[in-house]
Amino acid sequence: MSSGTKDHAALSDIFNKDEERVDWHDETLWFVRAKRDKAAHNIPEWEALRESASLIKNNVLSNLHNYLIEFEEQAQKNGVTVHWAVDAAEHNQIVHAILKEHGVNRLIKSKSMLTEECHLNEYLKQNDIEVVDTDLGERIVQLAQEPPSHIVLPCIHKKKEEIGELFHEHLGTPEGMSDPVFLTAAAREHLRETFLTRKAAITGVNFAVAETGEFVVCTNEGNADMGAHLADVHIACMGIEKIIPKRKNLGVFLRLLTRSATGQPITTYSSHFKKPRPGQQMHLVLVDNGRTTQLSRPDFRNSLKCIRCAACMNTCPVYRRSGGHSYHTAVAGPIGSILAPNLDMKEYSDLPFASTLCGSCSNVCPVKINIHEQLYKWRQVIVKEGYADPTKKLAMKAMEFTLSSPFVYKNAGKVGRWFMKHAPFTVNNKLNLWYQHREMPAVPKESFGEWYKKNKKND
Amino acid sequence: MNVGLFIPCYIDQFYPNAAIATLNLLSGLGITVKYPVNQTCCGQPMANSGFEHLTQGCNDLFIDNFAEFDYIVSPSGSCVLHIKDHLHSPTAEDKALGIRKKVYELTEFLTDVLKVEKLSARFPHKVGVHQSCHGQRGLMLAQMSELVDAPFSKPLHLLKMVEGLELVELSRPDECCGFGGTFCVAEEAVSVKMGKDRVADHVNHGAEYITAADMSCLMHMEGILRRQNSNVKVLHIAEILSAQ
């Protein structure tokens, strides 16, 4: 998604012009976080599960090469055609070539953040291929011509009344109708025809099992299944980090994934795809797109453990009050802020700063990614690589000068407090961002250092 | 016991009463406390902004001022966490590592080292406790709502010893206030909204005072309360634990 020249702070500023909407957005996502807490607290061994998941993923990242080869071998044995894509462009070309081979110009898609990351929809549209997203939330943002604002709840930024208007315009539902049950039924009816007439289906992958060559797609709506089962060609797209070694590992991940995501014990469907049915073709596209680069960064490699549950988004007090679009990237929120700079450090240099480093993200992460520590580390990298704002650089140099010398510090403090007391207009003005919505601290008559000198002479 | 008092720069300049209360509280418990007068800042504002490479001056000063003490105590969880995680020295790394092991936030020092079980403080007011993130999630001063583990809280353990004090329950017991160092101006809109929401939780539950083990969160929330002409006040936890 392109945001023009606006960074996270500027986009959040716009989002915050409508405070009532911010409150609604915050409460809606906090409700999901609270459901997650409840689900987690029902599992006494929750922290042990997180630790297991983390260790399994560490093992995967350390042996990724071997697991990928094993997975490819098994998948090929099962009759699946395996493709390798080094980046988003190659991924899109591979998908396009498969569709062309089958003469397909209309297809359905379900559950794939990877294709969002690769901007597949736009690419196929340019090549005169129509894509219909079948998951309700994705369909809604597709009709609105917007990117998803959340990786699990793609249209969480939209109120039901707005969805009613969209459906009225595109699906012919009655004007003013915003009952979620009615709207869901309308979308289902509309999509049914699409399912029956499309020859190709694209799905994502939640877990790919090296041992068996099968892959698992977790959905609540069953659209991935319906699409894949009715289509002649099933194309599954996955990032190379989605591998798990053994089928039994699913016992750890399936318990964690949905509890972390929405507070449900498990998704309605955990569908295992292993081999094409007779007459069907099954393709699997394994995508790198920067993942091996991230793997080579010691401080950031374990971001690849992510299973895309979005718990870090739901808990993030900044995400809840800035909205997913303010992150101007396919994967928003705290995890997006440590993944995106790897893809384009300049474009996403603002994201690691879109955090108070409160640490709640790392605590909810089911695979124990140290997200807030990586945000801190990305800040150091981004400044060193020269992507810091020049005015900030100056301010930091001045701070270094002042704070490195007790003499300069004491005098600067005195002067600062003198100005605040005797010329408050020098700080209490619109150029001072603190002062726009907050009062400055009251000025004490002396600093603690000065008080100590007077009152504790014995030292 | 030889204790060095580490007073963060903004407390020194704007909230001397919090520092005086910390000193009095420790002295009242029979501890000899020394304040090294040449201290400035831990360097966190620069490091959190991505300029950790400019903090060596601060690090060197910190080591000069504090290496000699058995314990270093500070009324700020955030600054203590920064020292614990990031104090380095190319010339005296052993001293830096030593300091990282003996620096304590005030409430954890009172609870874990002094093992305080009784205080003679009195504060007959309704108080809301803000769990500052770096103290809570970084130093683990209290159990975190995200984790499935036994509850505990060092600040609450101490506040419960204060006569007349009534704690108010919050809807969100450990949500961030939005201060976040330079975040408070770099991301002004979100920072302010987070602060307003945090303050509202305390006010709606009848708090007369908001307290915390970190003055920076309180400075941010005080700025919002005062802009709203609220009667609700902020006080550092040391001021309540030593109130008479």
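Author: Here is a walk through that part, followed by its surroundings. Keep in mind throughout that this is a predicted model.

Let's begin with chain B, which splits into domain 1, residues 3–113, and domain 2, residues 126–241. Taken over C-alpha atoms, the centres of domain 1 and domain 2 of chain B sit 21 Å apart. Where they touch, domain 1 of chain B puts in 25 residues and domain 2 of chain B puts in 22. On the domain 1 side, at least two residues each come from α1 (9–14), α2 (16–28), α3 (44–48), α5 (77–86) and α7 (106–113) of chain B. What's that side made of? It has 13 nonpolar residues, 10 polar ones and 2 charged ones.

Chain A has two domains as well: domain 1 covers 43–289 and domain 2 covers 393–455. Here the centres, again over C-alpha atoms, are 54 Å apart.

Now for the packing inside. The largest nonpolar core holds 179 residues, and those with the most contacts inside it are A:F215, A:M238, A:C312, B:V73, B:M221 and B:I240. Helix α12 of chain B, residues 215–227, gives this core its largest share, 7 residues. Another core, of 11 residues, lies apart from it, with A:I140, A:C155, A:I156 and A:F167 among them.

Zoom in on B:I240 for a moment. Leaving aside residues up to four places away in sequence, B:I240 touches B:A121, B:F123, B:V127, B:L159, B:V162, B:T211 and B:L235.

Next, the place where the chains meet. Chain A brings 56 residues to that contact and chain B brings 59. On the chain A side, the residues sort into 27 nonpolar, 16 polar and 13 charged.

One residue that reaches across is A:H437, which touches B:V192 and B:R227, not counting residues up to four places away in sequence. You'll find A:H437 in the loop between α20 (406–422) and α21 (448–455) of chain A. As for its place in the chain, A:H437 is 409 residues from A:T28 in sequence, with 25 Å between their C-alpha atoms.

Terms used. Residues are numbered from 1 along each chain as its sequence is written. Chains are lettered from A and ligands numbered from 1 in the order in which they are written. This is a predicted model: local features need pLDDT of at least 70, side-chain atom pairs count only at pLDDT 80 or more; totals for chains, interfaces and linings use all residues. A nonpolar core is a set of buried Ala, Val, Leu, Ile, Met, Phe, Trp, Tyr and Cys residues joined through C-beta atoms within 7 Å. A residue is buried if 20 or more other C-beta atoms lie within 10 Å of its own, exposed if 12 or fewer, and partly exposed in between; C-beta atoms are placed from the backbone. Helices (H or I, at least four residues) and strands (E, at least two) are DSSP runs, numbered from the N terminus. Two residues are in contact if their C-beta atoms, placed from the backbone, lie within 7 Å. Ala, Val, Leu, Ile, Met, Phe, Trp, Tyr, Cys and Pro count as nonpolar, Asp, Glu, Lys and Arg as charged, and the others, Gly among them, as polar. Domain bounds come from an automatic or database domain assignment.
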